[in-house]
Amino acid sequence: MSKITMQDLVSLCKNRGFIYADSEIYGGLSNSWDYGPLGVELKNNIKKAWWRRFIQQEPNNVGLDSAIIMNPRVWEASGHLSGFSDPLMDCRNCKSRHRADKLIEEWIVKQQDNGSTEEYPSAEAMSDEESQAFIREHNITCPNCGKCDFTPIRKFNLMFKTFIGVTEDAKGTVYLRPETCAGIFTNFKNVLRSTRGKLPLGIGQIGKAFRNEITPGNFIFRTREFEQMELEFFCNPSEGMDWFKKYRTACMEFAKYLGLSDKNLRFRDHSPEELVFYSAGTTDIEYKYPFGWSELWGIAYRTDYDLSRHSEFSGEDMTYTDPFTQEQYIPHVVEPSVGVDRMLLAILCDAYRVEKIGDGDERVVMGFKKSLAPIKCAVLPLSKKLEDIASNVYGELSKNWRVEYDTTGSIGKRYRRQDEIGTPYCITIDFDTENDKSVTIRDRDTMQQVRVKIDDLDAWLHEHIYD
Ligand code: ATP
């Protein structure tokens with residue numbers, strides 16, 4: 001087995017149709033990516049699995065799909081207009097641009113990797129002056145040119161601004177949402193009123209978010225346009241900590257259920273200094289990407305901050321009255337928030353393996369969890385003469401499954417092609433098929449083969465693809 005590098009991954013994704021550079025025929029747009037035929041299938045399967053787990057299978061939870069462009073007052077209330085900014089520094093020597101907090105975090109990780117046991121303060125908790133002093137004191141250098149000569153920190157708001165209407169004036173200024181959850185808070189009372197009307201209640205949504213990131217990069221890890229899967233779980237303040245712990249565990253279990261290996265996942269609890277003032281607990285689930293451990297999923301216990309702020313700014317009272325006890329309170333919120341693209345990147349990295357298969361030969365396998373695989377099976381007739389029966393099998397299977405049909409090249413080459421895109425099953429149609437009404441199914445991982453009746457194929461796939 002060999003480890004994947006980002007270069008291998010980007011090239012596999014491009015060549016096999018998972019992910020392409022955006023607007024490539026115009027020279028591309030840096031850090032913008034398009035999902036190809038396989039990428040979109042994989043992405044949809046991840047979103048479906050999240051929806052099934054966190055909306056469908058949770059009796060207290062429901063879904064939502066809110067607008068990307070919202071009333072700009074929403075962003076005043078949420079604090080994004082005044083506070084959603086990153087500490088930006090330019091290297092005076094090579095003019096490259098950096099986030100001070102990320103420079104510090106990366107430097108600390110390097111020290112720890114080199115065996116340092118010293119306790120360092122959290123970069124997120126530092127003021128701009130403290131960050132600048134820390135960078136000078138530890139001689140943290142520019143990753144691009146190696147010099148330690150930075151401009152003072154400037155704050156840079158990450159929201160994309162645009163205008164509604166024909167004139168570009170301040171009255172028409174609106175923003176592309178930097179996270180999906182705002183629409184959940186503004187609809188909290190609507191959902192409560194129109195559904196069950198009592199807490200606890202979770203509202204989830206999947207959708208695009210936009211951030212004018214200073215340092216996008218590492219392929220689809222940090223981009224300016226991305227998708228989030230967010231759940232806001234509203235509950236009684238006395239139960240907030242229990243729900244926080246429950247979702248912390250549930251998110252980790254789900255990451256493993258999607259096929260991510262234990263050794264590549266860890267919790268990182270935010271220290272008290274690092275927590276924003278309203279949070280009673282925040283944990284990141286980190287994944288070990290080829291470029292190091294980084295945040296995959298954030299789970300935050302946000303107390304009553306969001307609903308209180310929206311109450312204050314909108315004038316709409318968000319107080320909840322318990323129908324049984326008449327207790328009144330502003331609900332507390334637990335928020336598990338994960339990027340679809342970051343999850344997809346972790347799944348691609350975890351699935352990739354190169355195997356020796358005798359005689360110095362090797363194969364690349366994308367060992368996706370079977371239910372996530374973009375293509376579930378490939379129909380491969382051994383001869384052109386078998387195409388009638390093969391296309392009938394393909395037609396029947398494609399009513400329920402995403403199936404490929406491939407007649408070109410030797411059967412070995414066709415197997416390799418499917419291994420490389422992670423197809424769990426190859427279905428070969430041979431000269432016996434007409435007589436025994438059966439096909440051979442070859443398993444991607446074990447390469448073992450079984451004979452199955454055509455009439456039983458659909459049920460067989462159901463049994464073997466879903467757990
Ligand atoms: P980071 O520290 O990496 O910038 P964050 O703490 O700002 O992330 P959150 O605001 O908590 O991120 O967003 C929730 C989730 O959305 C993240 O855990 C991540 O999976 C995803 N996400 C956030 N920003 C981006 C981005 N620019 N590109 C892709 N995914 C993102």
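**Exercises on a helix face and a helix pair**

The model is predicted, with local features needing pLDDT of at least 70 and side-chain atom pairs counting only at pLDDT 80 or more, while totals for chains, interfaces and linings use all residues. Residues are numbered from 1 along each chain, and side-chain values use heavy atoms, leaving out hydrogens and water.

**Exercise 1.** Find the buried residues of helix α12 and say how they are arranged.

*Solution.* Start with residues 387-397, the span of α12 (a DSSP run of H or I, at least four residues). Its buried residues (under 20% relative accessible area) are I389, A390, V393 and L397. Now look down the axis: they fall within an arc of 100° (taken from the directions from the axis to the C-beta atoms), so they line one face of the helix. Finally, see what covers them: β19 (377-381) and α15 (457-465) are among the covering elements.

**Exercise 2.** Work out how helix α1 packs against α11.

*Solution.* First take the axes, lines fitted to C-alpha atoms over the stretch in contact: those of α1 (residues 6-16) and α11 are 11 Å apart, at an angle of about 105°. The two helices are therefore roughly perpendicular (65 to 115 degrees). Next, list the contact (heavy atoms within 4.5 Å): M6, L9 and C13 of α1 meet L345, L348 and C349 of α11.

Methods:
Buried < 20%, exposed > 50% of the residue type's maximum accessible area, 1.4 Å probe, protein only. Axes fitted to C-alpha atoms, helices over the stretch in contact; angles between N-to-C directions. Parallel < 35°, antiparallel > 145°, perpendicular 65-115°, else oblique.
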